[in-house]
Amino acid sequence: MSGAASESAAAALLVARDIVAGYQRDLPIVNGTGIEVHAGEIAVVLGPNGAGKSTLIKAIAGLVPISGGSVMLGGADITQLPAHRKIAAGLAFVPQTENVFATMTIEDNLLLAAAILPKARRVQRCQAMYEMFPDLARQRRLSAGRLSGGQRQMLAVARALMVEPRVLMLDEPSAGLSPKLVAEVFADLARIRASGVGIILVEQNTRAALAIGDRAYVLVEGRNRHEGAAAELMNDPIVAALYLGHRPPVAPSTGASA
Amino acid sequence: MLDLLGYGAFFLTTALSYGLICLGLNIQWGQTGLFNVGVAGFVAIGAYTSALLTTPETAGRLGGFDLPIAVGWLGAMLTSGLAAAFIGAITLRLRADYLAITTFGIAIVIQLIAVNVQGLTGGPFGIGFIPRPFGVLAGNALAFNLANLAVVAVVTGIVFLALQRVTRSPWGRVLRAIREDETAAASLGKNANFYRLQAFVLGSAIMGLAGAIQGHFIGFIAPENYLSAITFQVWAMLIIGGSGNNRGALLGAVLVWALWSASGPLISAIFPPEQQARAAALQIVAIGVVMVAILLVRPRGLLGEAATVSRHLDAAAGEAADSEA
Amino acid sequence: MNLQFLADGILVGAMIGLGAIGVTLTYSILGFANFVHGEFITWGTYAALTLTTGIGLLVGQDIAPLGPFSVGWPVLVAGLIAMVLTGLLALLLDLIVFRRLRRHGNAIIMVMASFGASMALRSLVEFIFTSEPAYFSRELQIAMPLGFGIRLTPDQMLMLGLTLVLVVAMQLLIAKTQLGRAMRAVSENPALAQVAGVDTGRVVQVTWMLGGALACAAGIMAGITVQIRPFMGFDLLLPLFSAAILGGIGSVPGAVIGGLIVGLGESLAVQLIGANYRAAAAFLLLIAVLLVRPTGLFGRRD
């Protein structure tokens with residue numbers, strides 16, 4: 001797999017197709033949804049509350065059971081892989097809340113994440129993270145619970161990057177952060193994209209997400225409603241309507257209402 | 001034939017007295033979700049109270065009030081209830097597993113007091129000469145056993161019917177609401193802890209009554225009657241019979257006691273007399289295994305409502321489902 | 001001034017602390033108060049006793065005790081094997097009982113099952129070995145004066161030393177190794193641990209093994225310095241829980257300090273009120289902690 005960001009013509013890095021997932025088998029929250037991301041690209045997943053965006057990436061990450069559909073990573077089927085093996089396959093996930101170990105130091109948080117690496121490499125990667133996030137380096141012995149919201153987010157992302165994933169998924173990283181911090185987080189994401197990682201970003205902050213995104217998906221009630229280049233969706237009346245709660249102006253709607 | 005009837009009456013008497021304890025535990029656990037691992041303690045309090053109130057004067061020990069049996073039994077309910085009120089006020093707000101450990105400790109302390117405070121409880125020698133109801137009939141085994149059975153059956157029956165009533169009443173509904181979802185119940189203006197306390201006190205009072213009844217039938221009580229083995233047996237009965245269900249409580253008591261009583265002679269038959277004591281331990285093993293098996297295979301027990309246990313079973317799924325974007 | 005009660009307290013406290021480490025680890029990682037822990041202590045000790053007798057038979061002759069201690073090398077070997085066996089027993093129980101319940105049930109059901117299982121296990125020991133007390137050795141030990149009125153037997157000093165070694169080893173494991181990090185992670189947030197690449201199933205297994213092995217060690221020490229009987233583990237349950245909760249669930253140093261406090265508390269109670277009320281000391285400490293500071297000395301706020 002090449003790191004060049006211009007590999008858009010190449011096959012997608014991660015492809016999730018027809019995903020049916022939910023905490024209970026007979027009550028799926030995600031009902032036949034698909035997304036994909038290429039290397040060096042940011043795919044944004046948007047949609048109103050309850051649309052299933054979070055559940056979708058949690059399902060891909062292995063935290064919510066998938067009862068239908070498939071997830072391919074670099075051509076390999078990782079659909080039913082247990083959550084702790086996804087990281088070895090190259091897929092990292094940053095949850096929205098409780099995404100760091102508050103009772104452990106920054107250093108321990110990072111070292112833990114690299115369990116599958118040999119010790120020397122582990123320390124190397126840790127050093128690399130400290131270079132990328134100097135704020136964390138300064139307080140490496142501090143317990144993560146004492147960090148501010150923005151620093152925690154930083155640590156959560158650093159933790160996910162420890163094993164050099166090919167695909168990085170984030171669940172609403174901007175939640176609870178000031179606009180300045182949101183800009184910093186997204187700047188970091190742009191840097192990560194530049195290194196060839198494929199990023200899947202679930203977001204409520206539509207504006208900021210579409211500004212940085214390359215492609216975008218809109219989910220409603222567990223299904224794909226819309227997709228396209230992020231720049232286009234920014235000005236799309238359909239998306240605006242969805243967020244305001246109206247039915248999209250484009251007729252035929254897929255499926256009955258809730 | 002008459003012997004068999006007599007034995008049957010004796011068996012049922014004991015089984016029902018355990019059933020009474022189970023009914024008390026059911027209010028606490030089945031209805032209200034309180035995990036009381038100190039059952040033996042409340043049974044002991046009731047037994048000792050009634051014994052102290054109804055026995056004649058004994059040197060070196062408090063008591064000698066020589067009161068009628070009925071007073072003893074009422075006293076038993078009162079002291080057990082009061083002890084529960086005191087203990088409950090302090091501990092009921094603890095989370096379930098801490099409550100389990102605490103009540104476990106309480107029973108140990110109560111047993112400790114029973115063994116050591118000789119002036120109060122007669123120490124390791126216990127209290128004897130507890131008046132039996134229908135003691136006059138002691139000569140005729142059959143009549144005696146039948147009369148005892150009649151008394152226990154009546155008391156248990158009354159308690160059972162009363163509890164059935166209570167379970168269906170608004171008070172019972174509040175208890176179940178608290179058990180299912182405390183926050184929602186609180187929003188209705190119901191003070192959860194106060195209701196829990198009431199359930200705890202009522203359940204313990206019934207346990208105390210059962211303790212008193214048991215004491216009066218045997219005529220003699222000692223601290224070693226109130227070890228954790230009782231707590232274990234009663235829990236096994238409730239789990240096997242069906243928690244949350246009064247009929248289940250009684251059924252479980254009869255079944256487990258039957259298992260216990262049947263295994264006794266079985267062990268006597270298999271093991272030589274010198275080995276009896278250690279062989280008796282196998283009875284507990286058997287009951288423990290059955291109890292765990294039921295929890296694995298059919299957690300609601302034989303008669304229990306699926307609803308009682310399903311809250312615990314689906315709690316994991318429920319918590320996960322709560323976090324959805 | 002006679003400080004013997006301090007020494008007694010520390011001795012008992014060390015043993016309780018060692019057992020409490022196992023309790024606190026399983027409580028924080030597995031999420032429930034495990035009543036079977038007492039039976040790991042009992043079974044471990046009886047296993048060591050049986051193995052010791054077995055080794056003695058194999059060797060054929062009487063084996064002299066090592067140095068000033070009351071036991072010889074067979075006990076040492078038997079002890080190590082017993083620790084492994086007890087760990088396996090714990091694993092077996094998890095496989096048969098707790099894993100299933102963990103999937104479908106919640107903490108209360110698991111505590112209940114542990115209560116039932118503990119009674120069954122204890123009674124099984126009683127059946128196999130009878131309730132007569134047993135001993136690793138009939139050697140009498142002379143307590144050696146150490147000053148301030150304190151006297152300790154060589155056995156007791158050995159036990160203290162070994163406990164210290166084990167405690168330090170456990171703390172290093174938890175704080176400095178990758179396994180320790182994984183255990184702390186699973187104890188705080190199992191889902192996040194998985195996402196970070198931790199095989200939580202494996203961590204659970206290791207926790208059971210460690211808990212079982214430490215319980216066995218604590219029991220063997222009690223067996224050497226006091227006696228072996230079927231209720232030895234059960235009688236330690238309340239002090240163990242008290243120590244673990246007092247120290248803060250999940251904290252190894254907390255468990256040890258909690259153990260020492262409980263041990264000293266018991267010994268103080270014996271001094272002031274009399275030997276009969278030992279058990280009440282642990283209980284009162286427990287109540288005090290739960291009412292004043294339920295998270296314990298070093299525990300997390302849940």
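This is a predicted model: local features need pLDDT of at least 70, side-chain atom pairs count only at pLDDT 80 or more; totals for chains, interfaces and linings use all residues.

**A covered strand and its neighbours**

Analyst: Strand 9 of chain A is covered on both faces: Arg215(A), Tyr217(A) and Leu219(A) on one side and Ala216(A), Val218(A) and Val220(A) on the other are all buried. Residues are numbered from 1 along each chain as its sequence is written, while chains are lettered from A and ligands numbered from 1 in the order in which they are written.

User: Which residue in strand 10 of chain A stands opposite Val218(A)?

Analyst: Helices (H or I, at least four residues) and strands (E, at least two) are DSSP runs numbered from the N terminus, and two strands pair if DSSP finds at least two bridges between them. Strand 9 of chain A has six bridges to strand 10 (residues 223-229) of chain A, running antiparallel. The residue opposite Val218(A) there is His226(A).

User: How many bridges join strand 3 of chain A to strand 9 of chain A?

Analyst: Here the two strands run parallel. Leu46(A) stands opposite Val218(A) in strand 9 of chain A. Strand 3 (residues 42-46) of chain A is joined to strand 9 of chain A by four bridges.

User: Which residue in the turn between strand 9 and strand 10 of chain A has a positive phi?

Analyst: These strands form a hairpin, with two residues between them. A positive phi of about 50 degrees belongs to Glu221(A).

User: Which strands stand at the edges of the open sheet in chain A?

Analyst: The sheet has four strands in the order 2-1-4-5, with antiparallel pairing. The edge strands each have a single partner strand, so one side of each is left without a neighbour in the sheet. They are strand 2 (30-37) and strand 5 (76-77) of chain A.

User: What is the bridge partner of Met72(A) in strand 5 of chain A?

Analyst: Strand 4 (residues 66-73) of chain A runs antiparallel to strand 5 of chain A, and two bridges join them. For Met72(A), the partner is Asp77(A).

User: Are helix 5 and helix 8 of chain C roughly parallel or antiparallel?

Analyst: Axes are lines fitted to C-alpha atoms, for helices over the stretch in contact, and angles run from 0 to 180 degrees between N-to-C directions. Helix 5 (residues 154-176) and helix 8 (residues 200-225) of chain C pack at about 170 degrees, with axes 10 Å apart. Angles under 35 degrees count as roughly parallel, over 145 as roughly antiparallel, 65 to 115 as roughly perpendicular and the rest as oblique. Helix 5 of chain C and helix 8 of chain C are therefore roughly antiparallel.

User: At what angle do helix 2 and helix 4 of chain C cross?

Analyst: These two helices are therefore roughly parallel to each other. The axes of helix 2 (residues 37-59) and helix 4 (residues 107-129) of chain C come within 9 Å, and the crossing angle is roughly 25 degrees.

User: How many residues does chain C give to its contact with chain B?

Analyst: Two residues are in contact if their C-beta atoms, placed from the backbone, lie within 7 Å. Chain B supplies 36 residues, and from chain C come 35 residues.

Notes
A residue is buried if 20 or more other C-beta atoms lie within 10 Å of its own, exposed if 12 or fewer, and partly exposed in between; C-beta atoms are placed from the backbone.
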